[in-house]
Structure formats: C-alpha cells, structure tokens
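This report looks at charged and aromatic side-chain contacts. Keep the structure open alongside the text.

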Amino acid sequence: MTDVAALAGVSAQTVSRVARDEPTVRQETASRVRAAMEQLGYTPNRAARALRYGRFRTVGMIAHRLARTGESRTVEAVVEAAQAEGYTVTLVDVASPAPDEMSAAVARLSHQDIDGLIIVRAETATPDTLALPSHLPVVVSDSRFVGHHPAVGADQAGGARAAVGHLLALGHRTVHHLAGPADSTPARQREEAWREMLEAAGAAVPAVVRGDWTAASGYATGTGLAADPEVTAVFAANDEMAAGLVRALHEAGRPVPGEVSVVGFDGIELSAQLWPPLTTVAQDFGEIGRQLVDLLLRQVRDDEDLQDTHSVVPVRLVERASTAPPRP
C-alpha cells in the first residue's frame with residue numbers, strides 16, 4: 001500500500017479508501033491510484049480487511065445439477081444480485097443431494113473466507129439431517145427449512161394449479177402429467193398440485209409419466225403418451241421436457257394443439273421459439289436471486305433474525321399457441 005501511495009502521489013489512507021470503493025475520493029485521484037495498483041500488481045489483503053471490518057464480502061453457494069434450468073438460472077441470478085451489492089460468490093456444485101454430501105459441501109465452504117451461505121435447494125436433506133454451522137448466516141431456496149433458516153422460492157404449487165386449471169377450462173376432461181425426478185422437491189410440489197386440481201375438479205387422475213428434466217426424456221416418455229388416444233392435454237413439469245414431448249407428438253401424427261394441448265413450466269426463452277410457441281408457467285429467477293441475497297445480507301450486515309421468514313415469489317401463466325380446446 002505504501003508503494004502504491006508513493007507511485008500515485010497520495011497518502012496510504014487514500015489508497016485504503018480507494019480499495020474500499022469509498023465515494024469520498026475524487027474520481028481523478030481514484031483513477032490514478034487504481035492505475036498504480038495495476039502497475040504494481042497490488043490487491044487488498046482480504047483476510048486483513050475481514051479482521052478489520054468483520055466481512056470478507058464473499059457469499060458461499062451450494063447447488064446441485066447445474067445443467068438443470070432452474071438451478072442454473074437461480075445461480076446466475078444470485079451471482080448478479082451479489083455483484084450488485086459488491087460481493088463475490090464461491091460456488092460448490094454437489095454431485096448428489098444426499099445429506100452427507102450436502103453437509104460435506106457446507107463444511108468445505110465454512111472453512112473458506114465467506115460471510116454467509118446460500119443453498120439452492122437442499123432436495124433430500126432436511127433441517128435435521130443437514131449440518132450447518134451455528135454462527136454462519138444461511139438462506140435456503142427450499143420452504144422445508146422455514147423456522148430454521150430464511151427461505152425463498154417460486155410458487156410451485158400455484159404455477160401447477162394455473163397450468164392444470166387452464167387446460168381444464170379449455171374443456172379437456174383430464175390432464176396427463178409428465179413429471180420431473182422423484183428426488184426433486186419442485187417436481188414433487190408440481191405433481192402434488194396437479195393431482196389435487198384434478199381431484200377437486202372430479203376429473204380422472206392418470207398415471208404419472210416421469211422424466212429427468214431433459215428434452216430427451218420428454219421425447220422418450222412422449223412416445224408413450226402420443227400412442228394413447230385418450231391423451232388430449234399434458235402438463236409437463238418443465239419446458240425442456242415439453243419440447244421433447246411436442247416432437248414425439250408431431251412424429252406420431254398428433255398435432256399440437258389440434259389433438260393434444262401441452263403446457264410447460266419455467267418460462268425459458270426457448271419456449272417462445274418452439275413451434276407452436278409453448279404455453280408455460282414463467283418463474284421470475286431474477287427476483288428469486290435478489291431475495292436470496294437480500295435475506296442473507298440482512299443477516300450479515302444488520303444481524304437480523306430471519307429464521308421464520310419465507311418469501312414466495314409469484315409465477316405467471318403465459319398463454320401461447322400450444323393449447324386449445326379439445327376436438328369435438
């Protein structure tokens with residue numbers, strides 16, 4: 001810091017203020033100091049700054065199966081929200097949602113320079129099986145942790161009800177369901193809401209067809225749905241499986257929505273470019289990320305007790321050309 005100050009012609013205190021991004025330093029002076037930092041290869045000592053100011057300005061994050069749309073979009077939203085607050089993110093992607101693997105990932109992150117932890121869906125882990133350090137601020141994108149840690153999530157059940165209700169309102173006698181993996185909490189929530197809607201409407205509840213979130217699994221399971229003449233409406237648990245299903249229906253000579261109506265979930269950009277454009281339940285991943293970061297930093301910076309806080313982010317049904325009333 002002394003070398004930077006000498007090169008820039010300022011005091012060491014001014015260098016410290018620039019390193020902390022304080023607005024009290026004139027822009028011309030700050031630019032000269034940063035140029036000196038770059039020339040000398042100087043970076044602030046994060047450990048020393050944490051000891052002095054009590055924070056590392058780094059958030060830890062645990063995710064599972066980043067190839068899945070929901071996880072990757074949530075992670076992206078958290079990173080953007082954290083950066084807007086001046087925080088960086090250290091990410092650990094666990095291979096399995098088993099409680100021991102999740103706890104091991106937590107242990108690894110808690111020994112690093114992080115101020116708090118965001119868990120993007122704990123899946124099979126529960127508040128009783130997931131070991132979390134008592135001193136570490138935590139927020140979870142999983143409603144099962146309410147009462148233990150603050151939680152943020154999309155309205156999975158409400159979205160599924162909107163999808164099924166839309167298809168029933170068009171006149172379909174029942175709605176088949178292309179579900180996600182059995183070990184996925186959002187998949188289970190969407191499946192339960194689908195079943196409850198059909199039962200409440202007095203409609204038959206068909207056997208669940210299960211995929212793995214990929215378009216390939218939607219296509220593979222879709223061939224069976226396409227072969228069943230009783231199928232006139234399908235609620236797919238995500239847009240990618242819906243895309244595979246639409247292809248299977250097309251190849252079987254069952255046009256969408258002429259013979260079969262299809263609704264997806266997530267609202268990914270690709271859903272609007274399919275043919276026909278896909279009716280879907282859109283999640284606001286950006287808002288989920290912002291709320292996760294906000295709840296965490298309120299604990300980190302303001303020492304708020306938020307363990308009973310549960311934020312449900314609304315979803316919305318986007319009606320497009322893949323749904324229509326059934327043929328007479």
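This predicted model holds 10 salt bridges.

| Glu-85 | Arg-301 | 3.3 Å |

Take Glu-85 and Arg-301. Glu-85 sits in the loop between α5 (69–84) and β2 (88–94) and Arg-301 in helix α11, so their bridge ties together parts 216 residues apart in sequence. Glu-85 is partly exposed at 35% relative accessible area. Arg-301 is also partly exposed, at 37%.

Arg-247 and Glu-251 share helix α10 (residues 239–251), four residues apart, or about one turn. Arg-247 has 47% relative accessibility and counts as partly exposed. Glu-251, at 45%, is partly exposed too.

Glu-259 is partly exposed at 28%. Arg-327 reaches 54% and counts as exposed.

Salt bridges also join Glu-191, Arg-195 and Arg-210 in a network.

Asp-302, Asp-303, Asp-305 and Asp-308 form a negative surface patch. Asp-308 lies in the loop between α11 (285–302) and β11 (310–313). Its relative accessibility is 58%, so Asp-308 counts as exposed.

How many aromatic pairs does a search of the whole structure find? One. Phe-235 and Phe-265 form this tilted pair, 6.4 Å centre to centre with 50° between the planes. Phe-235 belongs to strand β8 (residues 233–236) and Phe-265 to strand β9 (residues 261–266), so the pair ties together parts 30 residues apart in sequence. Both Phe-235 and Phe-265 are buried.

Note on methods. Residues are numbered from 1 along each chain as its sequence is written. This is a predicted model: local features need pLDDT of at least 70, side-chain atom pairs count only at pLDDT 80 or more; totals for chains, interfaces and linings use all residues. Side-chain values use heavy atoms; hydrogens and water are left out. Patches are made of residues with over 30% relative accessible area and no salt bridge: like charges are joined within 9 Å, nonpolar side chains (Val, Leu, Ile, Met, Phe, Trp, Tyr) within 5 Å. Accessible areas come from the Shrake-Rupley method with a 1.4 Å probe; for residues, only the protein chains shown count as cover. A salt bridge is a side-chain nitrogen of Lys or Arg within 4 Å of a carboxyl oxygen of Asp or Glu. Lys and Arg count as positive and Asp and Glu as negative; His and the chain ends are not counted. The place of a charge is taken as NZ of Lys, CZ of Arg, CG of Asp or CD of Glu. Helices (H or I, at least four residues) and strands (E, at least two) are DSSP runs, numbered from the N terminus. Buried means under 20% relative accessible area, exposed over 50%, partly exposed in between (1.4 Å probe, protein chains only). Rings of Phe, Tyr and Trp (its six-membered ring) pair if their centres lie within 6.5 Å; planes under 30 degrees apart count as stacked, over 60 as edge-to-face and the rest as tilted.
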